[in-house]
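User: I am new to this structure and would like to learn how to read contacts between its parts. Can we go through them step by step?

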Amino acid sequence: MCQLFISADDSLWRSKTKSLRIQGVVTSIRLEVFFWDILEELSFRDQMTVNHLITKLYLESLDADHDIGNFTSFLRVCCSRYLSLIADGDLSRETELPLEKVDAKNIIERETLRKKQRSALFNDSEKNTSVH
């Protein structure tokens, strides 16, 4: 199992820092190359720059009253959820459909249901498995 991960291109987990301006304030964000690649895909899909995408995510998070004290973690989770939604069939990796056009409410409802189902499965599995 580990070979699948440790034999991957090691540049993916190297950190890369980018500077950008959000509401006139210069800031820098440090993420692994893997996440920068996913942000690049997301921004391409919605026909914007990565800086514009990050700014949009930041401002929309503020508008939704989210605590974004650890914004880089938020970005990592956004990237991971994007890939998870693709793996689960809720999104396509095709770039013709911008993310702003998808039925987010419906996708989130299915995602929530799957999470409950998986949680129940894992909890049942733990009850039936004992380690002595």
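Analyst: Start with one pair in this predicted model. Arg81 and Glu111 form a salt bridge, and their closest N and O atoms are 2.5 Å apart.

User: What cut-off does a salt bridge have to meet?

Analyst: A side-chain nitrogen of Lys or Arg must lie within 4 Å of a carboxyl oxygen of Asp or Glu. By this rule the count comes to ten salt bridges. In the pair described above, Arg81 sits in helix H4 (residues 71-87) and Glu111 in helix H5 (residues 104-128), so the link joins distant parts of the chain, 30 residues apart.

User: Which residues does Glu111 touch, leaving out those up to four places away in sequence?

Analyst: With that exclusion, Glu111 touches Arg81 and Leu85. For another distance, take Asp88: its C-alpha atom and that of Glu111 are separated by 8.6 Å, and the two residues are 23 apart along the chain.

User: How is the protein divided into domains?

Analyst: The domain assignment gives domain 1 (8-99) and domain 2 (102-131). Their C-alpha centres lie 25 Å apart.

User: How many residues of each domain are in contact with the other?

Analyst: Eight residues of domain 1 are in contact with seven of domain 2. The area buried between the two domains is about 690 Å², and carbon and sulfur atoms give 42% of that area. On the domain 1 side, Arg81, Asp88 and Asp90 supply 58% of the area buried against domain 2, more than any other three residues.

User: How many salt bridges and polar contacts cross between the domains?

Analyst: Five salt bridges are found across the interface of domain 1 and domain 2. Six residue pairs are in polar contact between the domains, counting pairs with both residues at pLDDT 80 or more. The residues of domain 1 that touch domain 2 divide into five nonpolar, no polar and three charged.

User: What does the UniProt record annotate here, and which residues does the annotation cover?

Analyst: The unreviewed UniProt entry carries the annotation "domain: Ribbon-helix-helix" for residues 16-83. In the model, that span is 59% helix and 22% strand, and its end C-alpha atoms lie 20 Å apart.

Key
Residues numbered from 1 in each chain as written. Predicted model: local features only at pLDDT ≥ 70, side-chain atom pairs only at ≥ 80, totals over all residues. Heavy atoms only, no water. Domains from an automatic or database assignment. Contact = heavy atoms within 4.5 Å. Buried area = accessible area lost by both parts, 1.4 Å probe. Polar contact = N/O pair within 3.5 Å; in protein donor to acceptor, adjacent residues only side chain to side chain. Nonpolar A, V, L, I, M, F, W, Y, C, P; charged D, E, K, R; others polar. UniProt positions renumbered as here; feature names shortened; annotations may be inferred. Helix = DSSP H or I, 4+ residues; strand = E, 2+ residues; numbered from the N terminus.
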